[in-house]
Each structure stands twice: as C-alpha cells, then as structure tokens.
Amino acid sequence: MVPFLTTPFALLALLGIPVLIAIYFFQRRYRTRDVSSLILWATIRPPSASGRTRDRVRLPLTFWLELLLIVLLSLAAAGPLVASWLKRRPLVVVLDDSLSMQVGARERGRAFLDEELARRGYSPVRFIFAGETPQLAGETKLDAWTCHAPAADLEAGMGLAVQIGGPAALVLVITDHAPEREPPSNVRWLAFGDARPNAGLSAAARSTREQDSALFEVASYSSRPLATTLTITTAGRVLQRTNVSLAPAARQRVRLTLPPGIGPIEARLGDDAAPYDNVATLLSEKPAPVRVAVDLAEGPLHDAVLSALAATGRARVVEGGADVRITEGAAANGQPPGSIADTYVLSIDTTRTASAFVGPYVIDRAHPLAGGFALEGIAWGAGRPLTAGQPIVTVGGRALLTDESSSDGGHRIRMSFDPTASTLHRSPAWPALFWNLLEWRASELPGLRGVNLPIGAIATFVAPRNVTQLSVTPPQSRAQTVLVDERRASIAATRPGIWTVVAGDTRHQFAVNAIATGESDLSRAKRGEWGRWSEASLRAGGYENIAWLFLLIALAILLWHQKLVAVPA
C-alpha cells in the first residue's frame with residue numbers, strides 16, 4: 001500500500017545524494033615525498049579526502065551507509081503515514097454530477113478514482129452525487145454517475161459527506177473546476193476539466209395561444225467568434241435551417257411559425273465541445289379545452305356568459321359530460337354540495353333588486369377566482385343574500401360570490417347577480433372571472449402541468465381519482481413506479497429527452513431539455529488539485545505516522561557507521 005507523505009517538500013533533502021557521490025569520486029591528489037623507509041607507514045591507512053581531481057575509487061561500505069542515512073532522514077522528515085490494520089479508513093467521495101462533467105472530466109475522474117481506490121485500503125467507501133441537491137448513491141454506486149444535473153452544489157455535498165462519514169471521514173471531491181476557497185483540512189479537491197469554447201441552446205419555448213410558434217436562443221460561450229447551424233425538424237422533415245454567426249459571448253434568437261396541427265419539433269446545433277446543449281425537443285403546448293355546459297335561458301346573461309367563455313380561448317361548450325356547469329335560479333342556495341362530486345358548478349341567482357352596489361368591495365385574494373378580478377368603479381346588482389359557502393366577494397357585510405366544496409372534490413360557486421342593475425358583465429372583470437374559473441378547473445383535471453421542461457425541473461401530474469400510482473418511463477431507460485398522493489405526483493426531470501407517463505388507461509408525454517447556461521459555459525473548467533488531507537485528518541481516518549521507524553533505523557546505521565570509521569586506540 002502506498003503511504004501518504006504529509007510534508008512531501010522534505011524530499012528535497014535527497015539532493016544531498018549527488019553531493020555525497022561527488023565527495024567520494026573526487027579525491028585529493030597526494031604530492032610525492034622522498035623518505036628513507038616505509039616501515040612505519042605500513043600500519044597507517046590514509047583517509048579519503050575530498051578534492052578537485054576525479055580518481056577511480058571503489059566505494060566503501062561507509063558510502064552506502066551514508067547514502068541510506070540521507071534517504072531515511074528525508075523520508076522521516078516527509079512524514080510518512082501508512083494505513084493502520086486496527087482501524088477503519090472511511091472515505092466519502094463527492095462526485096460533481098452536473099452536465100459539464102460530460103466533457104471528458106467524468107472519464108478522467110473515474111480513471112483516477114479507480115486507481116486511487118485500488119492503491120489505498122479505504123473502508124467503507126461511500127459516494128455522493130452532487131447535483132442541485134446532493135444525494136447518497138445507492139447500490140449501483142458509480143454506475144448511476146450520469147452527470148445530467150443542471151448544477152452541482154459541492155458545498156452541500158461536502159456537508160452531507162461529514163454527516164454520513166463522521167468527523168474521521170476523509171472527503172474526496174471530483175469535479176471539473178477550481179474551488180471558490182481553500183478546502184477544509186479533511187478535503188482533497190481534484191479537478192479534471194478543460195476550458196473549451198462552446199455554443200449551445202440557452203432557451204427553447206413553444207407557444208400555441210394564438211398561433212403555434214417556437215423560439216430558440218443560441219448563445220456563445222467563447223472569447224472568439226463562433227459559427228454554427230441551427231436545424232429545426234419534425235418527424236425527420238426539415239422545417240428550417242439557419243446559419244448562426246456569433247460574436248464573443250453573444251446571443252441570437254431564431255423564431256419559427258409552425259404549420260397547424262404539427263407534432264413534436266426538434267432543434268439541433270452543429271457538433272461542438274458540449275453535445276448535451278446542442279439539441280432541444282418541444283411538444284405542443286396547446287392545453288386541452290375545458291368542457292362547459294351553459295344551462296342559462298336565452299337572454300343578455302346567456303350571451304354575456306358565452307362571450308366571456310369565447311374570450312378565454314379555453315372553453316368548449318358541450319351539452320353533457322361537462323367539467324364546469326353554469327346554471328341559474330333559486331337552486332343557488334338550496335342544492336347540497338354532495339351532488340356536485342368532481343364537478344364545478346357556477347350557480348347564478350338572477351333575482352331582481354331595486355338597488356346596486358358600487359363598493360367598496362372586499363375580495364379574498366387568496367381564492368383562485370380572485371386573480372386579476374378588479375371591481376373598482378363597477379356597479380353590482382344583487383338579489384337575495386348568499387348564506388352558504390366561503391365568501392369570495394362581499395360588500396357591506398353582504399356576500400356576492402361564495403364557494404362551497406364537497407368531500408368528493410367538487411365546488412359550487414354561488415353568485416347573486418342582477419344583470420339589469422349591473423355593469424360587471426360589460427367590464428374587463430367579467431371575462432377575468434371566467435378565465436379564473438376555467439384555469440382553476442383545468443388545474444384539477446387529470447394530466448401534466450407543463451410538457452416542455454428544463455432539466456432539473458419537477459413535472460407535476462394530476463391523476464384521476466381512482467389512480468394511486470403511475471408508470472413513468474425516462475428516455476432510454478426502464479419504467480419506474482411513482483406513487484400518487486392526494487391526486488398529485490411529482491416527477492424529477494433528471495434526463496433530457498421524451499418522458500412517458502401512464503396513468504390507468506391514459507398515456508401522457510413531456511419533454512426535458514438540457515437548458516442550463518451555467519453548464520454550457522466551459523470557460524471555468526480546470527485541471528488541478530487543491531487542498532491536502534492534513535496529518536490530523538489522516539490519523540483520525542485510520543493512518544499512522546511511521547517517521548519514528550525511519551529514525552530508529554537511521555540511528556542504528558549511524559552507530560554502525562561510527563564503529564567503522566573509529567580509529568583504533
């Protein structure tokens with residue numbers, strides 16, 4: 001097992017080895033002397049001395065002992081730590097799970113991690129996927145490291161690492177950019193990114209309110225001009241191809257009017273550094289109409305209601321099977337709410353009155369019917385007072401509009417209204433009231449709330465009342481089961497592409513696009529290492545300093561060396 005060196009700069013002491021070699025190879029040259037006899041010199045061994053002239057010498061044992069001393073003292077000064085056999089060595093790996101890691105950093109980080117785990121005996125090893133919200137990896141571990149998150153909260157990931165690993169855990173961060181500040185003493189931060197120019201889709205939207213159209217925005221994340229091509233297709237047929245030239249850090253929008261009744265469209269840029277932001281798929285945003293039954297007698301009120309419904313663009317007038325029923329008459333105060341299960345009924349009591357109210361009106365702005373409902377300067381004629389339901393609009397303590405809900409999800413909205421003494425039905429507040437009613441009802445109808453989502457968003461699905469779970473199939477993956485709670489299910493849009501939701505015998509789809517400008521900008525990507533595990537962290541994490549062992553061996557060698565060079569008495 002490879003040890004840790006807490007002070008690797010101490011290895012610079014190994015530069016003393018070339019000096020030692022030079023001392024032994026460059027010996028002092030002796031001068032010739034004439035003497036009468038060598039009898040007394042035979043017992044004296046001349047010492048080796050340093051000098052300027054290189055002589056061929058045989059290296060004595062003292063040289064090797066001195067060489068070993070230098071090595072041992074250098075290693076001891078470097079603070080070597082090895083794994084203890086008696087302790088656990090927990091490691092928590094925080095993995096950047098954002099989109100930008102797909103540009104080579106994930107593969108390089110995975111290779112380093114495989115080598116690091118093979119070299120050192122960490123136990124146990126846990127993985128945290130740091131997306132917008134960090135998550136502890138399950139049994140699949142690294143196989144689930146897909147890097148599809150629109151952002152990476154590495155700070156929260158390190159906080160979670162300390163919570164699950166404890167204060168003794170060593171934390172290893174794998175990412176593609178430098179930290180904003182110096183990491184803590186128990187954190188090693190390694191980046192494997194490359195700064196590269198890139199162009200990507202920064203916005204994609206589709207509107208079908210009046211005419212089906214699409215809007216795409218192409219952004220440059222480069223310090224030099226870029227050129228690319230935006231191709232928009234449907235079912236393999238090219239609708240429009242646009243050459244896009246971008247100045248540094250510039251953006252360009254491309255608008256397209258779509259033919260009626262067209263299905264999903266796909267926009268694709270030319271290949272570049274980041275493939276994930278080069279494609280976007282948009283489904284039709286046209287909402288399903290709300291079925292409305294109008295049970296009103298022919299007359300001004302009937303015409304005013306039909307005109308308001310037509311102005312919303314959301315209603316389809318039907319005879320039966322309605323989502324909303326609009327009625328009139330004395331039944332407005334009498335019918336029990338239990339008979340309106342899963343249906344919204346607007347009952348208008350048109351009893352005549354001799355006077356009209358002009359305010360001040362008190363409006364419950366928290367109610368869904370009150371959004372944009374302004375009554376300033378409007379005359380409201382009302383007949384019999386309303387006594388049932390939650391007041392929505394009152395004047396002088398008298399309720400003009402109330403709401404009563406049933407246990408089965410239905411609502412009865414009661415309205416006391418005399419059109420002959422009112423100006424409400426000739427004001428902008430009138431269509432606003434019906435728009436709010438239809439939007440409120442549509443929010444409770446089974447189906448998806450939004451079909452074109454950015455990656456990382458939450459898709460909300462309203463299920464039929466008899467459905468308790470959904471079958472959700474992500475792109476290029478197997479179906480998953482999502483539970484329904486109070487008719488609502490939340491689906492995390494974690495992967496770009498077309499998602500399929502099956503609820504009972506109905507099938508729905510929504511599109512997820514990798515629109516994340518922070519991940520398209522690769523200028524911050526870097527390679528390097530920041531922070532080192534301190535000696536205290538390594539000791540707490542199951543490692544021991546063995547500098548004492550090197551010093552003990554060095555002391556024994558020094559004693560041996562002294563014995564060899566000692567001059568006999």
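The model is predicted, so local features rest on pLDDT of at least 70 and side-chain atom pairs on pLDDT 80 or more, while totals for chains, interfaces and linings use all residues. Residues are numbered from 1 along each chain as its sequence is written, and side-chain values use heavy atoms, with hydrogens and water left out.

The protein chain has nine helices and 36 strands; these are DSSP runs numbered from the N terminus, with helices (H or I) of at least four residues and strands (E) of at least two. Of the 569 residues in the protein chain, 45% are buried. Here buried means under 20% relative accessible area, exposed means over 50%, and partly exposed lies in between, using a 1.4 Å probe and protein chains only. Among contacts (heavy atoms within 4.5 Å) between residues at least 6 apart in sequence, 69% join residues at least 24 apart.

Attention can turn now to the helices. Two packed helices are described by the angle between their axes and the distance between the axes. Axes are lines fitted to C-alpha atoms, for helices over the stretch in contact, and angles run from 0 to 180 degrees between N-to-C directions. Helix H2 (residues 61-77) packs against helix H9 (residues 547-565) at an angle of about 160°, and their axes are 9 Å apart. H2 and H9 are therefore roughly antiparallel to each other; angles over 145 degrees carry that label, those under 35 count as roughly parallel, 65 to 115 as roughly perpendicular and the rest as oblique. The crossing of H2 past H9 is left-handed, a term used if the near helix is turned anticlockwise from the far one by less than a right angle, with right-handed used if clockwise. H2 contributes residues including Leu-61, Leu-65, Leu-69 and Leu-72 to the contact, and H9 contributes residues including Phe-550, Ile-557, Trp-560 and Leu-564. By class, this contact of H2 with H9 has 18 nonpolar, two polar and one charged residues. In this classification, Ala, Val, Leu, Ile, Met, Phe, Trp, Tyr, Cys and Pro count as nonpolar, Asp, Glu, Lys and Arg as charged, and the others, Gly among them, as polar.

The contact involves Leu-301, Ala-304, Val-305, Ala-308, Leu-309, Ala-311 and Thr-312 of H5, together with Trp-430, Pro-431, Phe-434, Trp-435 and Leu-438 of H6. By class, the contact of H5 with H6 has eleven nonpolar, one polar and no charged residues.

His-425 is placed in the loop between E26 and H6 and is buried, with a relative accessible area of 16%. Not counting residues up to four places away in sequence, His-425 touches Ala-304, Phe-417, Pro-419 and Trp-430. Its side chain makes a polar contact with the side chain of Arg-426 at 3.2 Å; such a contact is a pair of N or O atoms within 3.5 Å, where, within protein, one must be able to donate a hydrogen and the other to accept it, and residues adjacent in sequence count only if both atoms are side-chain atoms. Ser-427 lies in the loop between strand E26 (411-416) and helix H6 (429-442). Ser-427 is buried, with a relative accessible area of 13%, and its side chain reaches the backbone oxygen of Leu-424 at 2.8 Å.

Leu-448, in strand E27 (residues 447-449), is buried with a relative accessible area of 14%. Leaving aside neighbours within four places in sequence, Leu-448 is in contact with Thr-460, Phe-461, His-508, Gln-509 and Phe-510.

Ala-249, in the loop between strand E13 (237-246) and strand E14 (251-257), has a positive phi of about 60° although it is not a glycine, and is exposed at a relative accessible area of 63%. Gln-476, in the loop between E30 and E31, has a positive phi of about 55° and is exposed at 84%. The peptide bond from Gly-359 to Pro-360 is cis, with omega near 0°.
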